[in-house]
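Here's a quick briefing on ring pairs, charges over rings and the positions annotated in UniProt. Have the structure open while you read.

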Amino acid sequence: MTATTNVFLDKQEYGKDKVRLLKVHKDTKIHRVDDLTIRCLLSGPAFTTSYTEASNKRVVATDSIKNTCYILAKSSKVVDTLELFAGELANHFLNTYDWVEGAHVTIIRHRWARMNIDGKPHNHSFWRDGEETRQTDLFVKRGPNGLRTVVALKSAIAGLLVLKTTGSSFEDFVRDEYTTLPETKDRILSTCVDSTWEFHVPAVKTEHFAAHLAQIPFNNIYDSVRDVTCKTFAEDESASVQATLYKMAAQSIQNWKWLDRVSYALPNRHFFAVDLSYFRGTKNLQEHADVYQPLADPSGLITATVARAPGSHARL
């Protein structure tokens, strides 16, 4: 056996991934559903021996972690607010197992839209209206003196597919011997939006942790970031994806004092006008274009993070 005296366990997390859960809210005749995929990971020095000495004395079975997700979902009143439900899960593991130092919870919510039947929203029937998801990622650690420290709290939109048929140009970019792309004053703009926003959450006493998180209007922030994304995309006379992205992110930081940083990843989904001049001189380029060829790959990819200025939290 190879000696291991010159190595050490640098970091670890373990737990249950891809826990599928559907919560049906039946508090009124109009039912609501939350279709979730959950990951719960635990960490701390007490788990070191499970790796280095094959000791399971401190290992909470991943099956138990899975069961905890279902049990807490049954009693929870905040499953429809991903950040708060993630906080309940994380706090449970830290409260229940005093050797757990960190709890890392990721939740994805899958879309279900209410059906309209005979022109009216149906009380209990839904349809999947796209692959867009809402997500949150929370990492909480046990702090000194009974504190809960939120190492990271991020929420996200993923897979929001958008397209507009005008109101986008791309001009005055670098032209050299490698350039074949023509400048354009008007083009189709389409992207699949991935956006992440990071929260500013100070450390708090364990007994105040849930109430402190509950002060943040997470659902309103999610709705607002999504609305700002769509409104800016639709209304901005876009000189570039970069310029439009910056406006989206900056607006959301201005709107919500709890946000530290907003990031976007916007792949540019190309639509090129088909040259039909070979067919009896048919015009379909520039201002005559109305028939396009979608081209998925290769695609441009524009990413950026916009951050709140240092110290500006104190002025909010």
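**Rings, charges and annotated sites**

Search the whole structure and you get six aromatic pairs. Here, rings of Phe, Tyr and Trp (its six-membered ring) pair if their centres lie within 6.5 Å, with planes under 30 degrees apart called stacked, over 60 edge-to-face and the rest tilted. Keep in mind that this is a predicted model, where local features need pLDDT of at least 70, side-chain atom pairs count only at pLDDT 80 or more, and totals for chains, interfaces and linings use all residues. Residues are numbered from 1 along each chain as its sequence is written, and side-chain values use heavy atoms, with hydrogens and water left out.

**Aromatic pairs**

- Tyr97 and Trp99 make a tilted pair, at 5.6 Å centre to centre with 55° between the planes.
- Tyr97 counts as buried at 18% relative accessibility, while Trp99 is partly exposed at 22%. (Buried means under 20% relative accessible area, exposed over 50%, and partly exposed in between, using a 1.4 Å probe and protein chains only.)
- Phe199 and Phe218 are an edge-to-face pair, because their ring centres are 5.0 Å apart and their planes sit at 75°.
- That pair ties together distant parts of the chain, 19 residues apart: Phe199 is in strand E8 (residues 189-199) and Phe218 in helix H5 (residues 218-235). (Helices, H or I with at least four residues, and strands, E with at least two, are DSSP runs numbered from the N terminus.)
- Both Phe199 and Phe218 are buried.

**Charges over rings**

- Arg128 puts its charged end over the ring of Trp112, 4.3 Å from the ring centre. (The test is NZ of Lys or CZ of Arg within 6 Å of the ring centre and within 35 degrees of the ring normal.)
- Lys164 does likewise with Phe233, its charged end sitting over the ring at 5.5 Å from the centre.

**"Binding site" in UniProt**

- An unreviewed UniProt entry lists Thr62 and Asn268 under "binding site". (UniProt positions follow the numbering used here, feature names are shortened, and annotations may be inferred rather than shown by experiment.)
- The two are spread over 207 residues of sequence and also in space, up to 39.9 Å between C-alpha atoms.
- From this set, Asn268 is in the lining of the largest cavity. (On a 1 Å grid over the protein atoms alone, a cavity is a set of points where a 1.4 Å probe fits but cannot get out; a pocket is an open set with protein on both sides within 12 Å along at least five of seven lines; lining residues have an atom within 4 Å of a point.)
- Asn268 is in strand E10 (residues 259-273) and is buried, at 9% relative accessibility.
- Thr62 is in helix H2 (residues 62-75) and is partly exposed at 26%.
- Beyond neighbours within four places in sequence, Thr62 contacts Tyr14, Gly15 and Lys16. (Contact means heavy atoms within 4.5 Å.)

**"Active site" in UniProt**

- The "active site" feature, also from an unreviewed entry, is placed by UniProt at Lys16, Thr62 and His270.
- These residues do not all gather at one spot, because they span 255 residues in sequence and the farthest two C-alpha atoms are 43.7 Å apart.
- Of these residues, His270 is included in the lining of the largest pocket.
- Lys16 lies in strand E1 (residues 14-25) and is partly exposed at 24% relative accessibility.
- His270 is in strand E10.
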